[in-house]
Amino acid sequence: MTYPPQPPPGQYPGPGYPQQGYPQQPPPGQGYPQQGYPQQGYPGQGYPQQGYPGYPPPKKGNGLLIGLLAGGGGLLVVIFLITGFFAPGFLVSDGKPAARTGPPLDLNSGSVAAGKFILAVLGDDAVIGRQAACASAEGVVAAAVRTLGSRNAHLTAGSPVQSGADEIRVPLDGTIGSRSVHGELQVTRIQEHYCISGVTTPS
């Protein structure tokens with residue numbers, strides 16, 4: 001077998017001379033070309049390196065940390081509001097009475113109770129007075145009716161005024177003989193029932 005002629009040492013084969021599987025020597029003064037293989041310690045071509053200008057900084061887990069802190073802060077606000085307004089309720093003032101959740105007082109019922117008392121006095125009828133009185137004040141109301149009835153008092157009721165969550169005061173004005181008198185009825189609401197709970201006898 002004949003082999004193709006080999007070029008003299010140090011010369012490149014020309015066209016028509018196949019390479020035999022061995023790397024050819026570079027010309028004098030030139031090194032081997034580096035094709036796409038980065039050297040250690042330096043950024044290679046085509047491979048982004050972190051920390052160099054032109055490349056984005058490495059991402060850290062700050063987003064997750066911020067999300068956890070924000071969620072924890074929201075939870076603390078909710079806990080603060082619950083404990084402040086409900087239990088133990090340190091944000092709720094203890095000096096003010098709790099607002100009523102029931103229906104408002106019917107001031108007209110105070111006038112009705114006062115009208116019954118006036119009728120009892122005009123008729124000198126302690127029974128009617130007891131019927132208009134609360135159970136705990138029946139004796140007091142009956143005694144006031146007898147006293148004023150025996151003196152022929154003529155009374156009129158003024159405008160009722162709310163004086164408490166379940167309490168109405170009704171002024172009484174009138175005459176006994178030729179003398180003007182003034183007094184007051186206290187009307188209380190007990191389970192939506194209005195009754196006379198006290199009397200200031202006109203004098």
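Val 141 touches Phe 117, Gly 129, Ala 133, Ile 196 and Val 199, where residues up to four places away in sequence are not counted and contact means heavy atoms within 4.5 Å. The model is a predicted one, in which local features need pLDDT of at least 70 and side-chain atom pairs count only at pLDDT 80 or more, while totals for chains, interfaces and linings use all residues. Residues are numbered from 1 along each chain as its sequence is written, and side-chain values use heavy atoms, with hydrogens and water left out.

Val 141 is also one of the residues that touch the most other members of the largest nonpolar core, which has 26 residues; the others are Phe 117, Leu 148, Leu 155, Leu 185, Ile 196 and Val 199. A nonpolar core is a set of buried Ala, Val, Leu, Ile, Met, Phe, Trp, Tyr and Cys residues joined through side-chain atoms within 4.5 Å. Buried stands for under 20% relative accessible area, exposed for over 50%, and partly exposed for values in between (1.4 Å probe, protein chains only). Two or more residues of this core come from each of helix H2 (107-122), H4, S1, S3, S4 and strand S5 (193-200). H2 gives the largest share, six residues. Helices (H or I, at least four residues) and strands (E, at least two) are DSSP runs, numbered from the N terminus.

Next come the charged pairs. The structure holds four salt bridges, each defined as a side-chain nitrogen of Lys or Arg within 4 Å of a carboxyl oxygen of Asp or Glu. In one of them, Arg 130 meets Glu 138 at 3.9 Å, N to O. Arg 130 is partly exposed because its relative accessibility is 36%, and Glu 138 is partly exposed because its value is 31%.

Arg 169 pairs with Glu 167 at 3.5 Å, N to O, and with Glu 184, where the closest N and O atoms are 3.0 Å apart. The latter pair links distant parts of the chain: Arg 169 lies in strand S3 (residues 167-176) and Glu 184 in strand S4 (residues 179-190), 15 residues apart. Through shared partners, Glu 167, Arg 169 and Glu 184 form one network of salt bridges. Arg 169 counts as partly exposed at 29% relative accessibility, and Glu 184 as partly exposed at 28%.

Arg 151 sits in the loop between helix H4 (138-150) and strand S1 (153-157). With a relative accessible area of 36%, Arg 151 is partly exposed. Beyond its neighbours within four places in sequence, Arg 151 is in contact with Ile 176 and Arg 179. The C-alpha atoms of Arg 151 and Thr 175 are separated by 9.8 Å, the two residues being 24 apart along the chain.
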